[in-house]
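Hello,

Here is the structure I promised to pass on to you. My notes on what turned up in it follow just below.

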Amino acid sequence: MSDIVVFGAGGTAGSRITTEAVNRGHRVTAAVRRPEATSYLPPGVDVVTGDATSERSVRELAPGADVIVVAVGGGERALWRDVAENLITVLRDLPNPPRVIHVGGGATLLTPQGTALLEEPDFPEEYRDAALGQADALAWYRSSAAGVTWTYVSPPPVEFHPGERTGHYRTGTDEPVADERGRAVLSYEDLAVAIVDEIENPRFENMRFTAGY
C-alpha cells in the first residue's frame, strides 16, 4: 500500500487515477482547487484543497507521501513548467522526497524521424501552447530534477479518450505505441491502470514512458 497525493484529482485523468489507486488498496489524497465539486470520487479518498503550483500546498502535502501524481490540465504554456519547477524545488529539500509521476502531453512524443509531434507542420495551432508547456516540463525534469525520482507519462497524441478499463496495454518510451493498423490508442481508464502499475512496480524511473494497445 502506498500513500499517494494526486494533484488535479478532479479532472478526467486525475479522477480515474484516483479511482484506480483506491480500488487497488492505496491511500489517496485528492488535491483539488474546489473540494466541494468532487462528490464523484470514490469513498475512502481524502479530498483537500491543493494547487501544484503553490509551494505551500506541496510543502503541506508531500511529507509522508510515497508518490505525488500530477494530473493537472488547462492553463497557459507556463503552467506545466511552473508545476514541475515548484515540485522539484520543494521536494529536493525534504529528507525523503516522494516520487513524482507527471501526466504530460502526447505531442512531445517523437516521430520516426526523431522530431517531436508538436513540431510537425500540420500540428493543430489551438493545441500548440499547451504542447509547448508540456515540452518545457519534460525538459525541466530531464535537466533539473537531480535528487528527486520522477516519471513523465505521455498518453497517445490523438486517440486518447474516456472509455473502457481493459487492464491491458503495451508500453514504450519516446515514440507512440501503435497497433497493427498503425494507430496509437488508449482509454483514460487504461492509462490509469498503467500509472498505478508503475507506482506498484517501477520500471520507468527518471524517464518518460507512453502506453497504447
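The protein has five helices and 10 strands; both are DSSP runs numbered from the N terminus, with helices (H or I) of at least four residues and strands (E) of at least two. Please keep in mind that this is a predicted model, in which local features need pLDDT of at least 70 and side-chain atom pairs count only at pLDDT 80 or more, while totals for chains, interfaces and linings use all residues. Residues are numbered from 1 along each chain as its sequence is written, and side-chain values use heavy atoms, with hydrogens and water left out.

On overall shape, the C-alpha atoms fill a box of roughly 45 × 35 × 30 Å along the principal axes.

Eight strands form an open, mixed sheet in the order E3-E2-E1-E4-E5-E6-E10-E8, where two strands pair if DSSP finds at least two bridges between them. Strands E3 (46-49) and E8 (170-172) are at the edges with a single partner strand each, so one side of each has no neighbour in the sheet. On average, neighbouring strands are turned by 25 degrees against each other, direction ignored. (Axes are lines fitted to C-alpha atoms, for helices over the stretch in contact, and angles run from 0 to 180 degrees between N-to-C directions.) Within the sheet, E1 (residues 3-7) pairs with E4 (residues 67-70) in the parallel sense over four bridges, and Val 5 has Ile 68 of E4 as its bridge partner.

What packs on the sheet? Helix H3 (residues 78-91) does, touching E4 and E5 (99-103), with its direction at about 170 degrees to that of E4; contact means heavy atoms within 4.5 Å. Helix H5 (residues 188-200) lies across E1, E4, E5, E6 (150-154) and E10 (207-212), at about 165 degrees to E5.

There are also two helix pairs to look at. H1 (residues 12-23) packs against H5 at about 55 degrees, with the axes 8 Å apart. H1 and H5 are therefore oblique to each other (under 35 degrees counts as roughly parallel, over 145 as roughly antiparallel, 65 to 115 as roughly perpendicular, and the rest as oblique). Residues in this contact include Ile 17 of H1 and Val 193 of H5.

H3 and H4 (residues 128-144) pack at about 25 degrees with axes 7 Å apart, and are therefore roughly parallel. Their contact includes Trp 80 of H3 and Trp 140 of H4.

Enjoy exploring the model!

Best wishes
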